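Let's take a walk through a protein model together, one stop at a time. Keep the picture open beside you as you read.

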Amino acid sequence: MSITTLSQTAALPVEARLAMQQVNPARFMDMLQRLATFGAVPGGGVAREALTISELEARRWLCSRFSAPHYRWYMDDAANLFLRRAGLADALTPVMTGSHIDTQPVGGWLDGAYGVVAGMELFLALDDAGIRTQRPLELVIWTNEEGSRFSPGAMGSSAFADPTRLADFLPVTDAGGERFEQARDAARQATPAATSRALGRPVHAYLEAHIEQGPVLEDGGFQLGIVTGIQGVRWFEISVTGVSAHAGTTPLAARHDALMSAAQLISRLGEMAAARQDPALRFTVGRLEVSPGSINTIADRVTFTIDLRHPEEAVLAEMEALIRQTVEAKTGACGYALRSLMRRPPTRFDKAVIETVAAAVSATGAPACRLGSGAFHDAMYLADVCPTAMLFVPSHKGISHNPAEDTAEADLVAGVRALAGAVITLATPANALQSTPN
């Protein structure tokens, strides 16, 4: 991913600078650490998968923190949870910030949670400063971003961007057979503070704060990152079909060994990707399934997956063509088939929102850079419906989805201040986005 140094940016509104000064580090860290207790695992880490008891308890705790008259809680048909802070011109479309609080089966304490608690602190800082923004503000907790309980991930944000997707998500089951629809309905019952709201609606702008989940910021000595986009991805499943036979009696020359053929194909594909010498290319074989899976039986079927990522759509297309050619060119006794599972073009964040983030980052005085995201985020889907950007803080040693996930307190606080400056600027009519109606 390319990185560019931060350029000089325009000044922020007075209200934005005042709110940045009102950010309370002790309060913010206390809320962040409190959220980490929901689903905390002895010895470290957090187990808080989407819409489980621990996540519902965390949601109720979040609701308990805001009850003043200018706040309202809402939940939509995908179980996305919204906290709305009324604006002086409350009929205007809102500026939205947030992330998710669900985790991997055992994940870290910051992934997603940081962006949610940063939004909470932003709202409380505004209260302390006595500031009411012109546009309403909304903090959102997206449902099932991780996808570790229900597949696919980012169900909430993708359904918000395109409500027709919800019908496909509702019957999806978790490992225990519970449907997403059942879990969604349980979330509604468990969150009485939230009024029902329709799925999907106009948004003026969306800004998501997140840990980087990679080493770029830390390696470069940067406290903050202005995210310019998310790289594109294509997922494939390749099936290799052979013939099962006895491992002890079948000569090597007579075998139709699906596993050996799959291993050779994986090696060829990996070498092909490496030969491009493209530092932005990501090629991963992440799942390998072998049938019948017996120690003394030759495999008759193997399926494996490919996760292909790059910030340029043209490179993704070239790589897909090479993968297909390599699969089709395989000769021998086994059969081969390739199936496309998912494709998402690179996400380009809105230039005006990026520059607003850059201005807020500059005002913090923190060392910063611009970079792209290698990981998916809910912002990827919000970019389909409104001007969007992201703000990163460093991840210690680039670790994420792991109990060792961590970020220095000074970096976390700098990110909250930058988020506050950017969100308030976006909610100020004099700084309205030229590309956005209303």
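Let's start at Gly-286, which is exposed, at 66% relative accessibility. Here "exposed" means over 50% relative accessible area, "buried" means under 20%, and "partly exposed" is anything in between, using a 1.4 Å probe and the protein chains only. Gly-286 sits in the loop between strand E10 (282–284) and strand E11 (288–291). Helices (H or I, at least four residues) and strands (E, at least two) are DSSP runs, numbered from the N terminus. Follow the chain from Gly-286 to Ile-306, 20 residues apart, and you'll find their C-alpha atoms separated by 6.6 Å.

A quick word on what you're looking at: this is a predicted model, where local features need pLDDT of at least 70 and side-chain atom pairs count only at pLDDT 80 or more, while totals for chains, interfaces and linings use all residues. Residues are numbered from 1 along each chain as its sequence is written, and side-chain values use heavy atoms, with hydrogens and water left out.

Now for the inside. The largest nonpolar core has 113 residues, and those with the most contacts inside it are Phe-28, Trp-73, Met-120, Leu-224 and Val-357. A nonpolar core, by the way, is a set of buried Ala, Val, Leu, Ile, Met, Phe, Trp, Tyr and Cys residues joined through side-chain atoms within 4.5 Å. Apart from that core lies another one of 22 residues, and Ile-306 turns up there, among others such as Met-272 and Cys-334. Back to Phe-28: leaving aside neighbours within four places in sequence, Phe-28 is in contact (heavy atoms within 4.5 Å) with residues including Tyr-114, Val-117, Leu-412 and Val-416.

Leu-259 belongs to helix H9 (residues 258–275) and is partly exposed, at 34% relative accessible area.

Next come the charged pairs. Side chains of opposite charge can pair when their charged atoms come close. How many salt bridges does the structure hold? There are 26 salt bridges, each one a side-chain nitrogen of Lys or Arg within 4 Å of a carboxyl oxygen of Asp or Glu. Take Arg-85 and Asp-127, which meet at 2.8 Å, N to O. Arg-85 is in strand E3 (residues 81–85) and Asp-127 in helix H4 (residues 113–129), so this pair ties together parts that are 42 residues apart in sequence. Arg-85 is buried at 2%, whereas Asp-127 is partly exposed at 28%.

Helix H7 (residues 180–190) shows another arrangement: Arg-184 and Glu-181 are 3 residues apart there, so about one helical turn separates them. Their side chains form a salt bridge at 3.9 Å, N to O. Arg-188 and Asp-185 also lie in helix H7, 3 residues apart, and their salt bridge spans 3.6 Å, N to O. Through shared partners, salt bridges join Asp-77, Glu-181, Arg-184, Asp-185 and Arg-188 into one network.

Last stop, the cysteines. Cys-63 is buried at 8% relative accessibility, and Cys-369 is buried at 0%. With a disulfide taken as a pair of cysteine sulfur atoms within 2.5 Å, the count comes to 0 disulfides.
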